[in-house]
Amino acid sequence: MATKLNSADNRTRSSVSIFIVAGLCCFFYILGAWQRSGFGKGDSIAVEMTKSATECNIIPNLNFETHHGGEAGVIDDSDSKVKMFKPCKAHFTDYTPCQDQKRAMTFPRENMIYRERHCPPENEKFHCLIPAPTGYVTPFPWPKSRDYVPYANAPYKSLTVEKAIQNWIQYEGNVFKFPGGGTQFPQGADAYIDQLASVIPIKNGTVRTALDTGCGVASWGAYLWKRNVIAMSFAPRDSHEAQVQFALERGVPAVIGVLGTIKMPYPSSAFDMAHCSRCLIPWGVNDGMYMKEVDRVLRPGGYWVLSGPPINWKNNYKAWQRPKEELQEEQRKIEEIAKLLCWDKKSEKGEIAIWQKRMNAGSCRRAQENSQVKICSTADADDVWYKKMEACITPYPKANWDAIKPFPHRLFSVPPRIASGSVSGVSVETYQEDNKTWKKHVNAYREIIKIIDTGRYRNIMDMNAGLGGFAAALDSPKLWVMNVVPTIAEKNTLGVIYERGLIGIYHDWCEAFSTYPRTYDLIHASGFLVYTRANVTLKTFFWRWIEFCDQRVQLSSAMKLMCLSR
């Protein structure tokens, strides 16, 4: 009898258990469906992603390979429906809104004004998707991409003719080959860099960040990268067609830019080395304004390299087809301005001259006072966005530059700007906590994108870089990160990023970025949508994003990355 009672009790309990399990399954199914509907208490980013039919779930089978088919949808703030934008006409394949050639020709040519940024007004902006050129393919991974670019990705042969004897670029079959030559180093960038390294401490990590003015196809920066030096290269969009585009297709950091009348979009005391290899910049004109702007972005103890005219003019004036008196006067002005800037000449050999900026200005202050040189009165030397360049000397920073450690130790050591309290609201503890947070996030990214540091992703952009924690945690010899600090960010942290041995740029995301379409392999945008509450609308954000995002990155996958980080 007892056995029968126990059996009945067991059956009852089993029935109740099944009922409870079934009920829980139904409850969580309904809860999950409700959350995915977008009406839960998710944050604003999750809501926007849901509206655009993009999931923010972390799933293991994301596809990050080439995607050229189909159309991309862009969300419109004012309408809950997804609006589909058509491709632009084929001739817009390399359209750069703020460096448009037709618009540029309507501006004055003096001081290179016409080569500066001139963005279209709202009523002239295109709302279509930039098409890829016919036959576009996934670029080679790094380091092969340094030396080879598929012809279809940048189908321009003019440089192979114009620069044939200088070994810039060669056309072979269906690819461009980059032998590593340049106007001043036709035998190759490696040998040229070896010459520089005999004077400049490139090998020991003292020099990590470099600026290349008038970079050509950026072979100097490309070959510095294997020596653990990262160069920010720039050149105008001019008659040398696609030079910056070639640099980025190779996987080398570069932007469209020029030394004209506007300050460079970099913070003061940013670079360990600046370089001009026959860059054709008139350094002595306008009271040395361009040299003074280089001085602003050159850190104390940094180096300036000038190769080509007018250096060694006595032996080369005939080959350069210029009067020797003109070249002599040009070099005299450069030498004079360098002394006023507290630059000591360290070497002049052949056509290469190297100066070093002193660690402090005290030793040459008397010379500056005697010459009545103008000292910049601007309180913030990092306030540069669309600010006019001045022929004045930027005062030395308050931070202790002796405290900067060689790379890679400086990547996570406390930057001088933070140690000195120069960045309001950022303490040493805040900085260290930010590093811990980003190490955790990047580990999660690596679990999802298994190939992130295999060489497949070479050009990565962080649209809201903060203290550079993302780039520091992702540090790899096979990729680099363009750290963008929005001009409306609460804290100006770009100087901190450079002190860590990383590179970046200021930018206003209401405007197009200074690059060609399809030049970044991966986009990161943590915390970026907070700026939609200011003057950057969500619609503007998407347009700025997709106009330069490489078409080999699936938009929905990139958006999943954005959802991951915060």
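Where do Glu329 and Arg332 both lie, and how many residues apart? Both are in helix α11, residues 324-340, three residues apart, or about one turn of the helix. The model is predicted. In it, the side chains of Glu329 and Arg332 meet in a salt bridge, at 2.7 Å from N to O. An α-helix has 3.6 residues a turn, so residues three or four places apart point the same way. Glu329 is partly exposed, at 32% relative accessibility. Arg332 is also partly exposed, with a relative accessible area of 40%.

Helix α11 has 17 residues. From first C-alpha to last, α11 reaches 25 Å, close to the 24 Å expected at 1.5 Å a residue. The buried residues of α11 are Leu327, Glu330, Gln331, Ile334, Ile337, Ala338 and Leu340. Cys342 follows α11 and has a positive phi, near 65°.

The count of salt bridges comes to 28. One of them joins the side chains of Glu122 and Lys125, at 3.1 Å from N to O. Glu122 is exposed, because its relative accessible area of 55% is over the 50% limit. Lys125 has a relative accessible area of 24% and is partly exposed.

Lys374 forms another salt bridge, with Glu390. The closest N and O atoms of this pair are 3.9 Å apart, and the criterion is within 4 Å, so the pair counts as a salt bridge. The pair links distant parts of the chain, 16 residues apart. Lys374 and Glu390 are each placed in the loop between α12 (365-371) and α13 (416-419). Lys374 is partly exposed, at 49% relative accessibility. Glu390 is partly exposed too, at 27%. Salt bridges that share partners also build a network, which joins Asp190, Asp194, Lys226 and Arg227.

In soluble globular proteins, nonpolar side chains tend to be buried together. The largest nonpolar core here has 106 residues. Those with the most contacts inside this core are Trp220, Tyr266, Trp283, Trp304 and Met482. Tyr266 shows how such a residue is surrounded. Its neighbours within four places in sequence are left aside here. Tyr266 is then in contact with Leu211, Met232, Phe234, Val255, Phe271, Arg296, Val297, Val384, Tyr498, Gly504, Ile505 and Tyr506. Another core, of 11 residues, lies apart from the largest one. Among its residues are Phe176, Phe178, Val217 and Ala242.

Phe176 also belongs to a sheet, as a residue of β5. Three strands form this open sheet, in the order β3-β5-β4, with antiparallel pairing. β3 (148-150) and β4 (170-172) stand at the edges, each with a single partner strand, so one side of each is left without a neighbour in the sheet. From one strand to the next, the twist averages 30°. β4 pairs with β5 (residues 175-177) in the antiparallel sense, over three bridges. Within this pairing, Tyr171 stands opposite Phe176.

Terms used:
Residues numbered from 1 in each chain as written. Predicted model: local features only at pLDDT ≥ 70, side-chain atom pairs only at ≥ 80, totals over all residues. Heavy atoms only, no water. Buried < 20%, exposed > 50% of the residue type's maximum accessible area, 1.4 Å probe, protein only. Helix = DSSP H or I, 4+ residues; strand = E, 2+ residues; numbered from the N terminus. Core = buried A, V, L, I, M, F, W, Y, C linked by side-chain atoms within 4.5 Å. Contact = heavy atoms within 4.5 Å. Expected span 1.5 Å × (residues − 1). Pairing = 2+ DSSP bridges. Axes fitted to C-alpha atoms, helices over the stretch in contact; angles between N-to-C directions.
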